Amino acid sequence: MSGSVVVENLVKIYGDLHAVDDLSFEVGPGEVLGFLGPNGAGKSTTMKIITGFLPPTSGRVSVCGHPVATEPQEAKKCLGYLPEGAPAYSEMTPWQFLNFVADIRRPENRRERLDWVIGQLGLEPVLHRPVDTLSKGYRRRVGLAQAMLHDPRVLIMDEPTDGLDPNQKRQVRDFINEMAHDKTIIISTHILEEVEAICTRAIIVSEGKILVDESPEELRRRSRYCNAVTIQAQLKEPVRAALGELEDVAVVEPERNQGLTLIPRRGCMLEDAVRDVLLRHNLKEVPLHIQAGRLDDVFHSLTHNIHE
Amino acid sequence: MNNLLAILRRELIGYFQTPVAYVFIMIFLLLSGALSFYLGNFYEREQADLGAFFTFHPWLYLFLVPAISMRLWAEERKTGSIELLITLPVTVFEAVLGKFLAAWIFTGIALLLTFPIWLTVNYLGDPDNGIILGAYFGSFLMAGGFMAIGACISATTRNQVVAFILSLVTCFLFLLSGFPLVLDFFQLWLPQPVVDTIASLSFLTHFSSINKGVIDLRDLSYFVILISVWLYANMIVVRARKAA
């Protein structure tokens, strides 16, 4: 399919380490795939193989219908890549650097594309300063500009917001969201809020294997906090006891200020039952917060066994 | 071809954007001048030629070329920009050749800037300018030989100091391979034909005839083949060691 990335049975072995272990997935236009996993899970290695930097030990990758192994130039032409840490030639200015990339990428209407990426990423103020004098945020934006310059159909970004401050993170995410509608985007991250903010799909890898491949909502539903009810109010002991005795409550966790969180048994809804209890105790006004589920909890429960 | 030129241009911008270019050119000009006048007895020889000038070029290149070549690949590996370069739609061949040519052209610029000594000798006497031109050409070719060795070695490491020292030692072996210092070592355990081959690899032997104004096809092809072989090795190293 045009504009898509297909990975089949990818394996990469370093010595006796299986960095990537039989990975298969397919991403198409309009999808933003979040590649999640603990450090050393094989995220970066997979991206380096997709972009043609590393050869796989076995397995196939194709980008926009071009097999990376046999048509590397064609595959590289239709993808933009932001390597980990957004390396650039530090002695050059962003202007020189982007022109170098444009010399090689040769986009149609080169001048307009250059103006567009410079404008989109707000690079004007630093355009003629050497890259090694720029802040981390600007360097990352130079890296993004380089990856976007030829308006690629496939964008691959290794930890695009790593090391940025919250405002810069937001800018980069907004930028990715804007790009998302017609491109195939793969980002790797270990920041879970990022998955919620921009991804339409998440793959969690650990030790080179795919553990789950589903939407962020589905992922959140795996959390034991999904549909948990949090009450942020001082509750008297009888109320607490009554809530704890509800049939569908699995665990009661204390919150700050004597509030509590009731975690339901799998698949159960607690809200109505909790409201009943509160009504019976004349606590109609107490606000309830129904949780959607916590990704960090899912991430932890999926990957922690391996690390212990 | 366009890619090759783009890489070449980028490398040259890199040199002149940093003090590297200016320091290198200054030192090259100062040393080549000082050596010809003080050690080479440029005046005392009372000969209208540039023998005193070119004699020291192999020794200058021995130190200065590795100083240029050490960063060619080691720096890209260190900063990770190699990942960027290789994932652009360029071939390894274009990257290797573009980088090498940029560095070689850069030493060529330094060499051209020694023209005042050529003016001096023409002012003082009536030299054979054909010989001088040939010697300039030979010196440039030899610089290319050193540069190809250095470029290949630079690709094997991410540490520029290691690249510098290894290149210097390798260049030194090539420079002196026709001399007892190197040959005695090989004579102990290698058959004579192999030792003869090693002896024929000497930069100094090939350069000295060019320096005298004799442009022999064998000397030319020696440097061309040497450069090609090392650049080919450079491509193999880049392909193999991307990961490390």
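Which 4 strands of chain A form an open sheet with β11 among them, and in what order? Select β12, β13, β11 and β14 of chain A: they form it in the order β12-β13-β11-β14, with antiparallel pairing. A word on the labels: helices (H or I, at least four residues) and strands (E, at least two) are DSSP runs, numbered from the N terminus. Two strands pair if DSSP finds at least two bridges between them.

Before going on, note that this is a predicted model, where local features need pLDDT of at least 70, side-chain atom pairs count only at pLDDT 80 or more, and totals for chains, interfaces and linings use all residues. Residues are numbered from 1 along each chain as its sequence is written, while chains are lettered from A and ligands numbered from 1 in the order in which they are written.

**Stop 1: around the sheet in chain A**

Color β12 (249–254) and β14 (288–290) of chain A: these stand at the edges with a single partner strand each, so one side of each has no neighbour in the sheet. From one strand to the next, the twist averages 20 degrees (axes are lines fitted to C-alpha atoms, for helices over the stretch in contact, and angles run from 0 to 180 degrees between N-to-C directions). Next, pick β13 (260–264) of chain A, which pairs with β12(A) in the antiparallel sense over 5 bridges. Click Val252(A) and you'll find its bridge partner in β13(A), Leu262(A). Residues are in contact here if their C-beta atoms, placed from the backbone, lie within 7 Å.

**Stop 2: another sheet in chain A**

Select β2, β1, β4 and β5 of chain A, an open sheet of 4 strands in the order β2-β1-β4-β5 with antiparallel pairing. Its edge strands are β2 (17–27) and β5 (66–67) of chain A, each pairing on one side only. β4 (58–63) of chain A is joined to β5(A) by 2 bridges, and Ser62(A) stands opposite Pro67(A) in β5(A). Helix α1 (43–50) of chain A lies across β1 (5–14), β2 and β4 of chain A, at about 120 degrees to β1(A).

Zoom out for the domains, whose bounds come from an automatic or database domain assignment. Chain A has domain 1 (5–214) and domain 2 (229–291), with C-alpha centres 44 Å apart.

**Stop 3: where the chains touch**

Show both chains: 21 residues of chain A are in contact with 19 residues of chain B. On the side of chain A, α2 (72–77) and α3 (94–105) are the elements giving two or more residues. The largest share, 5 residues, comes from α3(A).

**Stop 4: helices of chain B**

Select α2 (19–39) and α4 (57–79) of chain B, which pack at about 180 degrees with axes 11 Å apart. That makes α2(B) roughly antiparallel to α4(B) (angles under 35 degrees count as roughly parallel, over 145 as roughly antiparallel, 65 to 115 as roughly perpendicular and the rest as oblique). Show side chains where they meet, including Phe24(B) and Phe28(B) in α2(B) and Leu60(B) and Leu64(B) in α4(B).

Finally, pick α6 (92–112) and α13 (217–241) of chain B, whose axes come within 10 Å and cross at roughly 125 degrees. That makes α6(B) oblique to α13(B). Among the residues making the contact are Phe100(B) of α6(B) and Arg239(B) of α13(B).

Notes: Contact = placed C-beta atoms within 7 Å.
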